[in-house]
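Colleague: I have a few questions about this one before I set anything up. Can we go through it together?

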Amino acid sequence: MKHLVTSFALALLTLQACKQNASDGSAGKTENAMEIKVSGETENQKAVNPPTVPAPIGDRAAKKVIVHLEATEEEGELADGVTYKFWTFNSTVPGSFIRIRVGDEVELHLKNASNSVMPHNIDLHAVNGPGGGAEATNVAPGKEAIFNFKALNPGLFVYHCAAAPVPLHIANGMYGLILVEPAGGLAKVDREYYIMQGEFYTKGKTDEKGLQEFDQDKGVDERPTYVVFNGKKNALMGANALQAKVGETVRIFVGNAGPNLVSSFHVIGEIFDKVYAEGGSKFNENVQTTVIPAGGAAMVEFKVEEPGEYVIVDHSIFRAFNKGAIGKLKVTGEKNPKVYHKVQ
Ligand SMILES: [Cu+2]
């Protein structure tokens, strides 16, 4: 009998310990990531355009992943009737979302387009090594640089060009996000999106038409003409709004390229059920607005309960309504009067 009681107590203790692990707000940690062996076929990661991200990693073993990025310099639309000479990774701002897991060995190919004028490189905040890869990837127009790194820390990380002058390369649009999933992957959700905030500094005023040149003084003074999501004023509005259905859980990978400002990321009419603050492994719960530093990221997750249009903003609110840091999430489905209804 005494033996039985002891066993029961032990089982209870173990259960308590498990519970504590599950509720400590951790997405899982990997010790000795350096010792994780890669196996299986090498993956050639296919680039997808934001706000889309590659499929979740799930519980696959660590492997070798080849990533191709191309630095380009090309004119594009910054706002209605306003154009700008963007510098990009893979012709989009932000650049392609890179998705790997802890222990993966990445062979990163950085090509610089033959019609580029400037040398470019890449600093990935997910890399342990000098310049995050920048030193190894300085590449002249028409050339390609290749470097290898092993992902040792899980999390959501910014990457950006760090060629001189660094602020100019970031201000022109050379940035993106790389997600390093923990062993076993992230929790399953229904939708995933990729948003990156960035500022643009133009000689002309906000919405002044025509091709706009970069304004160094405004950059130094931290007085952006535009603060936008995904490289363009209203990039996530109208037909390009994000979509979800009532009852679904949405995960947004949010980055802030800066180059100067801190973002106060908020979705009007929603509460983040979980925020992986600063892109790290721990999550906070029930958050209204999360702060995302320049050169930082966060993962936010929320379930949508009521149909309608949800406005995504930097809650430093002039930036949203005047400078462009605004997007929409359209939720369709059955109304839920228990959660929300107008009385009169
Ligand atoms: Cu560059």
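Colleague: Is His 120 buried or exposed?

Modeller: This is a predicted model. In it His 120 is buried, with a relative accessible area of 0%.

Colleague: What about His 169, buried or exposed?

Modeller: His 169 is buried, and its relative accessible area is 0%.

Colleague: Which residues coordinate the copper ion?

Modeller: The donors are His 120 through ND1, Cys 161 through SG, His 169 through ND1 and Met 174 through SD. Their distances to the copper ion are 2.0 to 2.4 Å.

Colleague: Why is the arrangement called tetrahedral?

Modeller: Because the angles subtended by the four donor atoms around the copper ion are 87 to 134 degrees. The cut-off for four donors is that all angles lie between 85 and 135 degrees.

Colleague: What spacing do the donors follow along the chain?

Modeller: The spacing is H-x40-C-x7-H-x4-M. The pair His 120 and His 169 links distant parts of the chain, 49 residues apart. His 120 is in the loop between strand 5 (105–112) and strand 6 (123–124), and His 169 is in helix 3 (residues 166–171).

Colleague: Strand 5 then. How many of its eight residues are buried?

Modeller: Six of the eight, so strand 5 is largely enclosed by the rest of the structure.

Colleague: Which strand does strand 5 pair with in the parallel sense?

Modeller: Strand 2, over eight bridges. Val 65 has Val 106 in strand 5 as its bridge partner.

Colleague: And which strand is joined to strand 5 in the antiparallel sense?

Modeller: Strand 7 (residues 144–150), by seven bridges. There, Glu 144 in strand 7 is the bridge partner of Lys 111.

Colleague: Back to strand 6. In what order do the strands of its sheet come?

Modeller: The order is 4-9-8-6, in an open sheet of four strands with mixed pairing. Strand 4 and strand 6 are the edge strands, and each pairs on one side only.

Colleague: How do strand 4 and strand 9 run, parallel or antiparallel?

Modeller: Parallel, with four bridges between strand 4 and strand 9 (residues 175–181). Ile 98 is opposite Ile 178 in strand 9.

Colleague: Which way do the residues of strand 4 point?

Modeller: In strand 4 (residues 98–101), Ile 98 and Ile 100 point one way, while Arg 99 and Arg 101 point the other way.

Colleague: How many bridges join strand 8 to strand 9?

Modeller: Six, and these two strands run antiparallel. Val 158 has Leu 177 in strand 9 as its bridge partner.

Colleague: What lines the largest cavity?

Modeller: Its lining has 14 residues, and those nearest its centre are Pro 154, Gly 155, Pro 182, Leu 186 and Gly 280. Strand 8 (155–160) and strand 9 each supply at least two residues of that lining. Strand 9 gives the most, with three residues.

Colleague: How much space lies in the largest pocket?

Modeller: About 380 Å³. The largest pocket is lined by 18 residues, and Ser 91, Thr 92, Val 93, Asn 230 and Lys 232 lie nearest its centre. Strand 2 (64–79) and strand 3 (82–89) are the elements that give two or more residues to the lining.

Colleague: Which strand gives the most to that lining?

Modeller: Strand 2, with four residues.

Colleague: Last topic. What is the order of the six-strand sheet?

Modeller: The order is 12-10-14-19-16-17, and the sheet is open with mixed pairing. Strand 12 (226–229) and strand 17 (284–287) stand at the edges with a single partner strand each, so one side of each has no neighbour in the sheet. On average, neighbouring strands of this sheet are turned by 25 degrees against each other, direction ignored.

How values were computed: Residues numbered from 1 in each chain as written. Predicted model: local features only at pLDDT ≥ 70, side-chain atom pairs only at ≥ 80, totals over all residues. Heavy atoms only, no water. Pairing = 2+ DSSP bridges. Axes fitted to C-alpha atoms, helices over the stretch in contact; angles between N-to-C directions. Buried < 20%, exposed > 50% of the residue type's maximum accessible area, 1.4 Å probe, protein only. Donors = N, O, S within 2.8 Å, 3.2 Å for Na, K, Ca; no water. Tetrahedral: all angles 85-135°; square planar, octahedral: opposite > 155°, others 65-115°. 1 Å grid on protein atoms, 1.4 Å probe; cavity = no way out; pocket = protein on both sides within 12 Å on 5 of 7 lines; lining within 4 Å. Points joined across faces, edges and corners; volume = space filled by probe spheres on them.
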